[in-house]
Structure formats: structure tokens, C-alpha cells
Amino acid sequence: MKRGARRLGAAGLAALVIGCAVRLGGPGPVEYPTLALDAGQGVAAFVVADEIRRVGARLVLLAGAADSAWFAEVAQRTEKELSGPGDAGTTSLAFLAGKPVGDTTLALSMEGGGRFVVHDALYTVDKSRFLDLLATRADSGVDLRSFVRALLQYVATDVMPHAAVVLAVDVADPAAGDSLAALLDPALTDAQACGREEGRTAPAAVQRQVEMRLFYGPPAIMTCRSVRVLNGARAPVLAQLVVGR
């Protein structure tokens, strides 16, 4: 979907959100088991699909060094709608979920030069709530401050203000992932911090470094009930994310 159409549609959808909330008094929370997975290269589509089905993921933010046929096979085997893949250079980015309202892949420019690719798709939670999935890659050596500024500017101008947001970032190294978490806070929360806002200690497994970092927000709209890092060389993250009223 073109960006201009996305912005135009957002205004109408925002009005719908407000109107429905007044008439219905607000719906209850909806939980989304959400998987962020970098499949890497050379992994068979059926292996990835089996893992997605095994963990019961409702939303999958997927990166892989594979062609569109590979992504289509994963979608077919998991019986989910495929959004993407979007070409991000060394990898491609896609979502497996329901049918999106619209989706797009675009390149964002950073201050000081450089560009990076974002894949973006908008989904309905119900008649009054919406969910926006974003996926991107932070290449090695990128200026992370400029990267985050460009990303948050895009969210502020092109993502519905009342939508819950889930972001997956394919990171080049663990240090980059930790820096991104600090720079994105408080706009978006690192899923690996799930539960800490309530004074709980994160499970030991969550302390492992992962290749596909997962973030969610805004805090008033989306929260996290639990998180775990799954077994595997690339350490997929499975979070129980909740869209509130």
C-alpha cells in the first residue's frame, strides 16, 4: 500500500477507533503469542514451519536469507497469510499472521547518510483496535542513533497513533541489540525486559543474546505477559503480548 494512502486511511481509522470506544465502552484485552525469528540461510521451510506450529505463535516476524518461494512455503505450511518478503539486502523480512489491511516495504534515510529497509503491515485486532507490525535490519557499523531517529520518525508520521506496535530488528551483534533497546525506550519496550516493570526478575534464559530483537508498545496500548528465548543457534524470542482496551 502506498504511504500516502496509508496516511489518509489512518485518519479515518482513528475516527473509527474513537467512535467505537464511546459506543461500546471499550473491548477486553487480546493476547498474541508473538515469535521473532531469524531463520538464517539454508534452513528448510518445513523446519521453520514446524517450530512456528509447535510454539503456537499467532504473529510471526520472520527474517531469512531465502527467496519468496521459501517464505510462501512457510506460510502455506503454517496456514497463515504472508506479508512480504521485503528485500533488506543480506536478508528478507516478512510477517505470518492474518490478512493485513495493507502492507509496504520502503527504505528510510538517516541523517548523515545511509538508508535501511523497513517492512510494515497493518492488521485489525477487532472493529475498534489495530496492530502494526514492523521489521527491519540494523547492519554492522550503522549509526544507531540516526537509525532509531529515522525509525521513530516513521512511526510518528506513518503509523496510526492508536495502533499497538510490534517491532522486530535483525541485529548484527548482541551489543547493537542492547544499544537499540536503550535508544528505543520508552517509546517501545524490549521484550527481553518483560515483567521487570512489575518488579519480577527476567528468566535466566531471557538473558541470552538473540539475533532478532523484539520490541512492543506504546506502553498504554500493549503490554507483555511473559517471554522466553527458545532453543536454537539463533535464539528465537517468543513473547505473550497483550493489546489492552
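Start by selecting His-119. Leaving aside residues up to four places away in sequence, His-119 touches Ser-83, Gly-84, Leu-93, Ala-94, Phe-95, Asp-103, Thr-104, Thr-105, Leu-133, Leu-134 and Ala-135. Keep in mind as you go that this is a predicted model.

Now colour the strand that holds this histidine: His-119 lies in strand E6, residues 115–126. Is His-119 buried or exposed? It is buried, because its relative accessible area is 2%, and the cut-off for buried is under 20%. Show side chains here and pick out Thr-105, whose side chain makes a polar contact of 2.7 Å with the side chain of His-119.

Next, bring up the whole sheet. Six strands form an open sheet with mixed pairing, and their order is E5-E6-E7-E8-E10-E9. At the edges you will find strand E5 (102–109) and strand E9 (189–190), each of which pairs on one side only. Zoom in on E9: strand E10 (residues 212–217) pairs with E9 in the antiparallel sense over 2 bridges.

H5 lies across strand E7 (129–138), strand E8 (164–171), E9 and E10, and runs at about 10° to E10. At the start of the helix, select Asp-173: one of its side-chain oxygens reaches to within 3.2 Å of the backbone nitrogen of Ala-175.

Which residues of H5 are buried? They are Ala-176, Gly-177, Leu-180, Ala-181 and Leu-184. Turn the view to look down the axis of H5: these buried residues fall within an arc of 140°, so they line one face of the helix. On the other side of H5, Ala-175 and Ala-182 are exposed.

Last stop: the nonpolar interior. In soluble globular proteins, nonpolar side chains tend to be buried together. Here the largest nonpolar core has 35 residues, and the members touching the most others are Leu-131, Leu-133, Val-166, Leu-214 and Met-222. Select Met-222 and its surroundings: not counting residues up to four places away in sequence, Met-222 touches Leu-131, Ala-164, Val-165, Val-166, Tyr-216, Gly-217, Leu-241, Val-242 and Val-243. To finish, highlight Val-148, Val-155, Val-159 and Val-169, which are among the 25 residues of a second, separate core.

How values were computed
Residues are numbered from 1 along each chain as its sequence is written. This is a predicted model: local features need pLDDT of at least 70, side-chain atom pairs count only at pLDDT 80 or more; totals for chains, interfaces and linings use all residues. Side-chain values use heavy atoms; hydrogens and water are left out. Two strands pair if DSSP finds at least two bridges between them. Helices (H or I, at least four residues) and strands (E, at least two) are DSSP runs, numbered from the N terminus. Contact means heavy atoms within 4.5 Å. Axes are lines fitted to C-alpha atoms, for helices over the stretch in contact, and angles run from 0 to 180 degrees between N-to-C directions. A nonpolar core is a set of buried Ala, Val, Leu, Ile, Met, Phe, Trp, Tyr and Cys residues joined through side-chain atoms within 4.5 Å. Buried means under 20% relative accessible area, exposed over 50%, partly exposed in between (1.4 Å probe, protein chains only). The arc is that of the directions from the helix axis to the C-beta atoms. A polar contact is a pair of N or O atoms within 3.5 Å; within protein, one must be able to donate a hydrogen and the other to accept it, and residues adjacent in sequence count only if both atoms are side-chain atoms.
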